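Welcome! Please take a look at the protein chain shown here before reading on.

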Amino acid sequence: MSIPFWKPPAVHYPGSLPAAADVLVIGGGITGVSLLHHLGRRGVPAVLVERSHLAAGASGRNAGFLLAGVADNYSHAVITFGRSEAREIWALTNENHDRVIEAVGSADVGHRRLGSLTLAASDSEAKALEESCELLREDGFEATWDGHGLLNPGDGEVHPSRLVEALASGTILEGVNVTAIDGTKVHAGGAECEAGIVILATNGYTSQLVPSVEIQPTRAQMLATSPAREKVCERPTYSHFGYRYWRQLPSGEVLVGGWRDSSRETEMTAVSEPTPEIQARLEGKARELAPGAEVTHRWAGIMGFTKSGLPMVGPVEGMKNVYVCAGYNGHGMGFAFMSAKRLVDSL
């Protein structure tokens, strides 16, 4: 059974599909509420529909990391995207961190900005992280390499469901399960909505609605423990080229996630149920970090991966007035707010 550690938002927005909408946003995660936020600031009438409740998907099932960049380290990103684009990606995600926290104002979203630490699990990773540090500093970003790990001091962490809840504003309708899109005509529960513009904020589930949008649903698994008596880590921590990660809350609970690389084929799925194999690996790490703590929650969320390794933000090919803002490759919290702004600015 998949029970996230993060409690869902306390406020609910029950409703049904409207007959018409100027802009219809599908999906009530961090992207959907970010889109509604930016549309509202421009005075654009919009409606958000969500099949379950806000933050029910990956936005309420992640580790709550607010990190710069993509999952790859900076040296690998430079190879993949080129120096200039890698620099732009890191700058964008740093701005995303600043702007999303600014947008929620004084709301308690559990935000801390103590940096992140990426530990080298092999000689090859150590070399890549050392190179990343040099490149980051050359490109104007703060970073420190001590021979064991790369510290990115600008990174942070949040309570992801609270962040979604704090951003939520405008017209939100929960319990609306969209099953089909025919141009800008949207179908849900036997009802139809004729929208002027449709925006897919459905991340890993996007291809279920529009198969032509090539976003691969990919499962990420996590667990949480009871509060540990000892300090396990000071800040969000990564290792094994981003495939393994953990954090400790101020209240002592330890969250461990990842190990998708140990079973890649089984994790390319839209089924958000944890598996015994990966959970056993997560539990092994949790016992190593906090030997006396008990596992209290096990869960999974569905990420969306793109071929380019970057989010899809823009019009859906062949579908007039239908747009997509999705496919964050496991880093939705770091990209979504500014990706939503870029899409809204382009409308």
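This is a predicted model: local features need pLDDT of at least 70, side-chain atom pairs count only at pLDDT 80 or more; totals for chains, interfaces and linings use all residues.

Residues are numbered from 1 along each chain as its sequence is written, and side-chain values use heavy atoms, with hydrogens and water left out.

**The whole chain**

- The chain has eight helices and 18 strands; these are DSSP runs numbered from the N terminus, where helices are H or I with at least four residues and strands are E with at least two.
- With a radius of gyration of 20 Å, close to the 20 Å that the globule rule gives for 347 residues, the chain is as compact as a globular protein of that length. The radius is taken over C-alpha atoms, and the rule is 2.2 Å times the number of residues to the power 0.38.
- The C-alpha trace spans about 60 × 45 × 40 Å along its principal axes.
- Of the 347 residues, 55% count as buried (under 20% relative accessible area; exposed is over 50%, and partly exposed lies in between, using a 1.4 Å probe and protein chains only).
- Among contacts (heavy atoms within 4.5 Å) with a separation of 6 or more, 74% join residues 24 or more positions apart.

**Nonpolar cores**

- In soluble globular proteins, nonpolar side chains tend to be buried together.
- A nonpolar core is a set of buried Ala, Val, Leu, Ile, Met, Phe, Trp, Tyr and Cys residues joined through side-chain atoms within 4.5 Å.
- The largest such core here has 56 residues, and Val25, Leu35, Val70, Tyr74, Trp90, Leu163 and Ile199 have the most contacts inside it. Helix H8 gives the most to this core, with eight residues.
- Another core lies apart from it and has 25 residues, among them Ile26, Ala195, Leu209 and Val210.

**Helices H3 and H8**

- How do H3 (residues 83-104) and H8 (residues 332-346) pack? Their angle is about 85 degrees and their axes are 8 Å apart, so H3 is roughly perpendicular to H8.
- Axes are lines fitted to C-alpha atoms, for helices over the stretch in contact, and angles run from 0 to 180 degrees between N-to-C directions. Angles under 35 degrees count as roughly parallel, over 145 as roughly antiparallel, 65 to 115 as roughly perpendicular and the rest as oblique.
- Residues making the contact include Ile89, Leu92 and Val100 of H3, and Phe335, Phe337 and Met338 of H8.
- Valine 100, in helix H3, is buried at a relative accessible area of 1%. Leaving out residues up to four places away in sequence, valine 100 touches Leu66, Leu163, Leu167 and Phe337.

- Serine 161 sits in helix H5 (residues 160-167) and is buried, at 2% relative accessibility. Beyond its neighbours within four places in sequence, serine 161 has contacts that include Trp6, Pro8 and Ala55.
- Asparagine 152 belongs to strand S6 (residues 149-152). Is asparagine 152 buried or exposed? Asparagine 152 is buried, with a relative accessible area of 15%.
- Glycine 318 is in the loop between strand S17 (312-315) and strand S18 (322-326), and glycine 318 is exposed, with a relative accessible area of 81%. Glycine 318 and glycine 183 are 135 residues apart in sequence, while their C-alpha atoms are 9.1 Å apart in space.
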